[in-house]
Amino acid sequence: MIEYIKILILALFGGATFALPVSSAAHFSYLNSITELSEDARVLGLYYSVMALAFSFVVFIMLRKIYLLCFKSVFNKDIKLKSYRRVMKNLALSLIPMAVLFIPVGENKLLCDIFDGFLTRSNLLMVSAVSVIGALILVVSAWYTRQSYSVTKRSADTKAVLRSSVYQIVSYVIPGISHVSSAGTNMLICDVESKVIVREIYLYIAPQMLLVNSVKIIRYSLTDMIINPVMVIICFAVVALMSALVISKMSKINIRRLFTFFAVYSAVTGLIFAVLSFILD
């Protein structure tokens, strides 16, 4: 019974943090250090991938009209779908940098597998430090973009999308750098209008998460690792519900204030768990 409570706690926080400009992986690491769900990097990696898959599933549902129009634009050359053809091209391009994550770095190990090892308690200090650094970068970026008076864009261009994809690679390798905050910071720097940044972030990171984490889950399913399927289902369902709730509220919040608040939150939380890492040792 206690294992179900642990995964429920991780899933509740995971569902919220995936959609916010804070590191979901860092929070997963923090909570695992307290709940001691597992010290097996593969088990932790599997559960985290299930959470990421649930989040991307929710985004696909909530932005289904845009994705469907993008797909339709490939086969229909109607001038009305021109803007969606550009988005579809950018979606395809955004997946290309993800190939780096599948580079072999050892026996039966890919670059993206390094991430799972950082989720264990033994790497809590490093994850905490990265969270603090990521928070500082977010604050500086938010301040920098306030000084810009460029004409804002209603959607991300190819340059912004590709740059964001490259930034995402770091988030897939080292926990502590938020997917949402790194993509959002890039969008701000590229002068994307604040009102549409949240939509643009989710639009591009969801397919990346679907690709990377589907591959990881398939690979784990082919190993001898023993996982409780009921816990996996609970994890997916809770994260999906929490993500849907948080995403529905995100578009109503001032993105700059949101980033500033969570930058401070991430820095404070990172410092607390950095200290806690010494106590747990």
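Tutor: Let's start with a cut-off: buried means under 20% relative accessible area, exposed means over 50%, and partly exposed lies in between, using a 1.4 Å probe and protein chains only. This is a predicted model, where local features need pLDDT of at least 70, side-chain atom pairs count only at pLDDT 80 or more, and totals for chains, interfaces and linings use all residues. Residues are numbered from 1 along each chain as its sequence is written, and side-chain values use heavy atoms, with hydrogens and water left out.

Student: What caps the N-terminal end of helix 9?

Tutor: That's S178, with a side-chain oxygen 3.2 Å from the backbone nitrogen of V180. A polar contact is a pair of N or O atoms within 3.5 Å; within protein, one must be able to donate a hydrogen and the other to accept it, and residues adjacent in sequence count only if both atoms are side-chain atoms.

Student: Why is S73 called buried?

Tutor: Its relative accessible area is 1%, so S73 is buried. S73 is found in helix 4, residues 64-75. A polar atom of its side chain lies 2.5 Å from the backbone oxygen of C70. Leaving out residues up to four places away in sequence, S73 touches L81, Y84, R85 and M88; contact means heavy atoms within 4.5 Å.

Student: And why does R42 count as partly exposed?

Tutor: R42 has 32% relative accessibility, so it gets the label partly exposed. It is found in helix 3, residues 41-62. Not counting residues up to four places away in sequence, R42 touches Y220, T223, D224 and M225. R42 and I226 are 184 residues apart in sequence, and 10 Å apart in space from C-alpha to C-alpha.

Student: What about I174: which accessibility class does it fall in, and why?

Tutor: At 28% relative accessibility, I174 counts as partly exposed. You'll find I174 in the loop between helix 8 (158-173) and helix 9. With residues up to four places away in sequence left out, it touches F115, F118, M126 and V130. The C-alpha atoms of I174 and V130 are 8.2 Å apart, though the two are 44 residues apart along the chain.

Student: How do you know whether helix 1 and helix 2 are roughly parallel or antiparallel?

Tutor: Helix 1 (residues 2-17) and helix 2 (residues 24-35) pack at about 160°, with axes 9 Å apart. Angles under 35 degrees count as roughly parallel, over 145 as roughly antiparallel, 65 to 115 as roughly perpendicular, and the rest as oblique. Helix 1 and helix 2 are therefore roughly antiparallel. On the helix 1 side the contact is made by K6, I9, L10, F13 and T17, and on the helix 2 side by S24, H27, F28, L31, N32 and T35.

Student: What makes helix 5 roughly parallel to helix 8?

Tutor: The axes of helix 5 (residues 82-95) and helix 8 cross at roughly 25° and come within 9 Å. That angle makes helix 5 roughly parallel to helix 8. K89, N90, L93 and S94 of helix 5 make the contact with T158, V161, L162 and S165 of helix 8.

Note on methods: Axes fitted to C-alpha atoms, helices over the stretch in contact; angles between N-to-C directions. Helix = DSSP H or I, 4+ residues; strand = E, 2+ residues; numbered from the N terminus.
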